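Happy to walk through this one with you.

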Amino acid sequence: MFDSAVAWLVSQGRTGQWGSSPFTGNDKRTRQVTGWLELGDMRIAELDGRPAGCVVVGAAHDYVAPATEPELYVQALVTDRRYAGHGVGRALLDWAVAEAGRRGVGLVRVDCYAGDDGRLVAYYESCGFTRAAPFTVGEWPGMLLHRRL
């Protein structure tokens, strides 16, 4: 899924988000995805019995300001580009919000790439998230967003 997303971003000339190399074969990315699987907070959506997207929830990344209240943090969200437009990402974000409710948490936060034309930030806003704070990691521009239950 990550490889298809990277390939699509590259085809759009949008390499600022995840670079231009596939996740497959990248040891750092393999450790990252393996870590998410081992923690058990990754959920995979399927369409017609095939993996269509995944979401990872857990603690906030260390590059964003800590929350001042209990939260559930969306660490990663990706949709296989073959299923673009099928609502997979939105369904996974809705699952994360419902999961926060099941855990008795009233805040869900996510960060995303805020460069290029800002389409990714706008996507999260269309899913009910509100901009909280811009940030940078090196030269990578990001936006922290939140959604309250």
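This is a predicted model: local features need pLDDT of at least 70, side-chain atom pairs count only at pLDDT 80 or more; totals for chains, interfaces and linings use all residues.

Q: In what order do the elements of the protein run from the N terminus on?

A: The protein has 4 helices and 6 strands. These are DSSP runs numbered from the N terminus, with helices (H or I) of at least four residues and strands (E) of at least two. From the N terminus on, the order is α-α-β-β-β-α-β-α-β-β.

Q: Why does the radius of gyration of the protein agree with that of a compact globule?

A: The radius is taken over C-alpha atoms, and the globule rule is 2.2 Å times the number of residues to the power 0.38. With 149 residues, the rule gives a value near 15 Å, so the protein agrees with it at 15 Å.

Q: What percentage of the contacts with a separation of 6 or more is between residues 24 or more positions apart?

A: A contact here means heavy atoms within 4.5 Å. Counting those with a separation of 6 or more, residues 24 or more positions apart account for 56%.

Q: Which element gives the largest share of the lining of the largest pocket?

A: A pocket is an open set of points on a 1 Å grid over the protein atoms alone, where a 1.4 Å probe fits, with protein on both sides within 12 Å along at least five of seven lines; lining residues have an atom within 4 Å of a point. The largest pocket has 43 lining residues, with Gln17, Trp18, Leu77, Leu120 and Tyr124 nearest its centre. Two or more residues each come from helix H1 (2-11), helix H2 (27-39), strand E3 (72-79), helix H3 (88-102), strand E4 (107-113) and helix H4 (119-126). The largest share, 6 residues, is that of E3.

Q: How many residues in the lining of the largest pocket are charged?

A: Ala, Val, Leu, Ile, Met, Phe, Trp, Tyr, Cys and Pro count as nonpolar, Asp, Glu, Lys and Arg as charged, and the others, Gly among them, as polar. The lining divides into 23 nonpolar residues, 13 polar ones and, as charged residues, 7.

Q: How much space lies in the second largest pocket?

A: A volume is the space filled by probe spheres set on the grid points, which are joined across faces, edges and corners. The lining of the second largest pocket includes Met1, Phe2, Phe23, Ile44 and Cys54, and H2 supplies its largest share, 4 residues. The space in the second largest pocket is about 180 Å³.

Q: Is Val78 buried or exposed?

A: Val78 is found in strand E3. Beyond residues up to four places away in sequence, Val78 touches Met1, Phe2, Ala5, Trp18, Gly53, Cys54 and Leu92. Buried means under 20% relative accessible area, exposed over 50%, and partly exposed in between (1.4 Å probe, protein chains only). At 3% relative accessible area, Val78 is therefore buried.

Q: What is the relative accessible area of Phe23?

A: Phe23 lies in the loop between H1 and H2. Leaving aside neighbours within four places in sequence, Phe23 is in contact with Phe2, Asp3, Val6, Trp18, Arg29, Thr30, Gln32 and Val33. Phe23 counts as buried because its relative accessible area is 6%.

Q: Which residues does Glu46 touch, not counting residues up to four places away in sequence?

A: Glu46 is found in strand E1. Its relative accessible area is 55%, so Glu46 is exposed. The residues touched by Glu46 are Pro51 and Ala52.

Q: What is the phi of Asp116, a residue that is not a glycine?

A: Asp116 sits in the loop between E4 and H4. With 48% relative accessibility, Asp116 counts as partly exposed. Its phi is positive, at about 55°.

Methods
Residues are numbered from 1 along each chain as its sequence is written. Side-chain values use heavy atoms; hydrogens and water are left out.
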